[in-house]
2 protein chains.
Amino acid sequence: MFRGIAAGAGLRVTGVPVDRDGIRVSGIRSPAVVITPAHQFPMGVTLSSQRRDELVRWAGAHGGLVIEDDYDGEFRFDRRQFGALQALAPDRVVYAGTASKTLAPGMRLAWLVLPRSLVDPVRTQMVRTGWRPPALDQLVFAELLESGAYDKHVRSRRAEYRDRRRRLEEAALPHLAITEQAAGLHVLAMLPPGGPGEAEVIEAAERQSLRLGALGEHWISAGPHPPGLLIGYATPAKHAFGPALEALRVSLGVLDAN
Amino acid sequence: MFRGIAAGAGLRVTGVPVDRDGIRVSGIRSPAVVITPAHQFPMGVTLSSQRRDELVRWAGAHGGLVIEDDYDGEFRFDRRQFGALQALAPDRVVYAGTASKTLAPGMRLAWLVLPRSLVDPVRTQMVRTGWRPPALDQLVFAELLESGAYDKHVRSRRAEYRDRRRRLEEAALPHLAITEQAAGLHVLAMLPPGGPGEAEVIEAAERQSLRLGALGEHWISAGPHPPGLLIGYATPAKHAFGPALEALRVSLGVLDAN
């Protein structure tokens, strides 16, 4: 999404390596960087405190702009708390939040916390594109926030998603190791070397009416990448989650055949 | 609005003269033209049949693009019927409709009927800008359309606005001649020569907490323009319309003072 938008605006997009602590700040070669610190997409790691500090120092020293996409920060299943990076450098970090994961993408509700110098340029762009969130939905959302209903909803979804994640891990365990990610609404599962690749497993899942993501789709740098699957667990309705897990079990059978 | 968007995209905007039959097609010097055929903004005239034909011929002969902004076409108070220009040249005309006037601008619901060749480019731009109408509101709107409730609502608003227009004309009549426009949600009233100008009347209205528009704001070509007022009558709530008319009567008193 971000890549298409940047490329569409005539910008060149480059990748930055990510390890267990998140983005490798020393690898940034561009004036602006998009990060997903709560739950790196697609790798799932959380940006460590040291890297946060390093990133803020980089932005200050290079006049760099950090775009902090907090797309699913509401969903952490451990007890760790992370504040927004934006608070550490409000003049260099754009914070982006959304109701897409907590309510629905179709709400088209999201918000930006901008460095003061970007408020007018962003407002001008919004007028030019005609993009403005619908007023009625904003009022409803404000009512949800003020009444505490939103918070209650997020907490109840968090419990539901934690449970789904556990059940997903159980279903996948005989076939795949799911890397530890105590957050978000999808897991990353690396495929064992030498066995069927991403395309093969995804095809097997499609035969079960199940859509899985390929790690390869999100890889920016050229050359080979370790094969992996992205498995989301938020979309199916409650009654459909059990059957979806069963379909996953059947699909992953292709891994045992080899 | 259109002018800002076009200018923001790096395009040069030029005006085309408008007379009683609408846009003077022979005056078009650009590859694309924006028209408001049902109720020309701000002059209020309706595009005549001859001019419609002429415009379609122009588009065919010059490979021109016509953007038909049907922003308030639902509100005609006479019995004349006008079809969309788009139907006459579907490969050269972009039709734009909206729920902004029939429901509320804050709904952010609008639609385009595009020449086939523009569907993909427009879709690409929508993805780039992130602009998409909210799904829930679209479903509600579809329900309104299918159940007939929308049609009923528009008819009831039409009757209400026809009545408001009549009352507005009565209120303004001693001071101003309102040019004939049997459509839309605003009237244009030309100011008598030699009297107070647009700014003076608008200031008098502001003292009554009433906002009027100036014809001059919408004039594109340089040089003098005839002074006129744009008076909208859709915005005040039902209980506030009478007091708003009274405020208008008081404001227009400045015209008698001279």
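Author: Buried means under 20% relative accessible area, and exposed means over 50%. The model discussed here is predicted.

Reader: Why is Arg108(B) called buried?

Author: Its relative accessibility is 18%. The cut-off is under 20%. Therefore Arg108(B) counts as buried.

Reader: Where does Arg108(B) lie?

Author: Arg108(B) is in the loop between E5 and E6 of chain B. In chain A, Arg108(A) is found in the loop between strand E5 (93-98) and strand E6 (110-113).

Reader: What is phi of Arg108(B)?

Author: Phi of Arg108(B) is near 60°. That is a positive value, and the residue is not glycine. Arg108(A) also has a positive phi, of about 60°.

Reader: Why is Thr235(B) called exposed?

Author: The relative accessible area of Thr235(B) is 77%. Exposed requires over 50%. So Thr235(B) is exposed. Thr235(B) sits in the loop between strand E10 (228-232) and helix H7 (238-257) of chain B. Its C-alpha atom is separated by 22 Å from that of Ala177(B), 58 residues apart along the chain.

Reader: In what sense do E5(B) and E6 pair?

Author: E5(B) and strand E6 (residues 110-113) of chain B pair in the antiparallel sense, over 4 bridges. Gly97(B) stands opposite Trp111(B) in E6(B).

Reader: Which strands form an open sheet in chain B?

Author: There are 4 strands, in the order E7-E8-E10-E9, and the pairing is antiparallel. Strand E7 (177-178) and strand E9 (213-214) of chain B each have a single partner strand, so one side of each is left without a neighbour in the sheet. Inside that order, 5 bridges join strand E8 (residues 186-190) of chain B to E10(B). The bridge partner of His186(B) in E10(B) is Gly232(B).

Reader: What makes the relation between the chains that of a two-fold axis?

Author: A rotation of 180° superposes chain B on chain A, with 0.0 Å of shift along its axis and an RMSD of 0.0 Å. That is why the relation is that of a two-fold axis. In chain B, the C-alpha nearest the axis belongs to Trp131(B), 2.8 Å from it. Both copies use the same surface: 100% of the contact residues of chain B recur in chain A.

Reader: How many cavities of 30 Å³ or more does a search of the whole structure find?

Author: The search finds 1 cavity of 30 Å³ or more. The largest cavity has a volume of about 50 Å³. Its lining includes Arg108(A), Trp131(A), Arg108(B) and Trp131(B). By class, 6 lining residues are nonpolar, 4 are charged and none is polar.

Reader: Where is there a cis peptide bond in chain B?

Author: A cis bond joins Phe41(B) and Pro42(B), with omega about 5°. Pro42(B) is in the loop between strand E3 (32-35) and helix H2 (49-62) of chain B. Phe41(A) and Pro42(A) are also joined by a cis peptide bond, with omega about 5°.

Definitions and conventions:
Residues are numbered from 1 along each chain as its sequence is written. Chains are lettered from A and ligands numbered from 1 in the order in which they are written. This is a predicted model: local features need pLDDT of at least 70, side-chain atom pairs count only at pLDDT 80 or more; totals for chains, interfaces and linings use all residues. Side-chain values use heavy atoms; hydrogens and water are left out. On a 1 Å grid over the protein atoms alone, a cavity is a set of points where a 1.4 Å probe fits but cannot get out, and a pocket is an open set with protein on both sides within 12 Å along at least five of seven lines; lining residues have an atom within 4 Å of a point. Grid points are joined across faces, edges and corners, and a volume is the space filled by probe spheres set on the points. Ala, Val, Leu, Ile, Met, Phe, Trp, Tyr, Cys and Pro count as nonpolar, Asp, Glu, Lys and Arg as charged, and the others, Gly among them, as polar. Copies are superposed by least squares on the C-alpha atoms of residues with pLDDT of at least 70 in both. Contact means heavy atoms within 4.5 Å. Helices (H or I, at least four residues) and strands (E, at least two) are DSSP runs, numbered from the N terminus. Buried means under 20% relative accessible area, exposed over 50%, partly exposed in between (1.4 Å probe, protein chains only). Two strands pair if DSSP finds at least two bridges between them.
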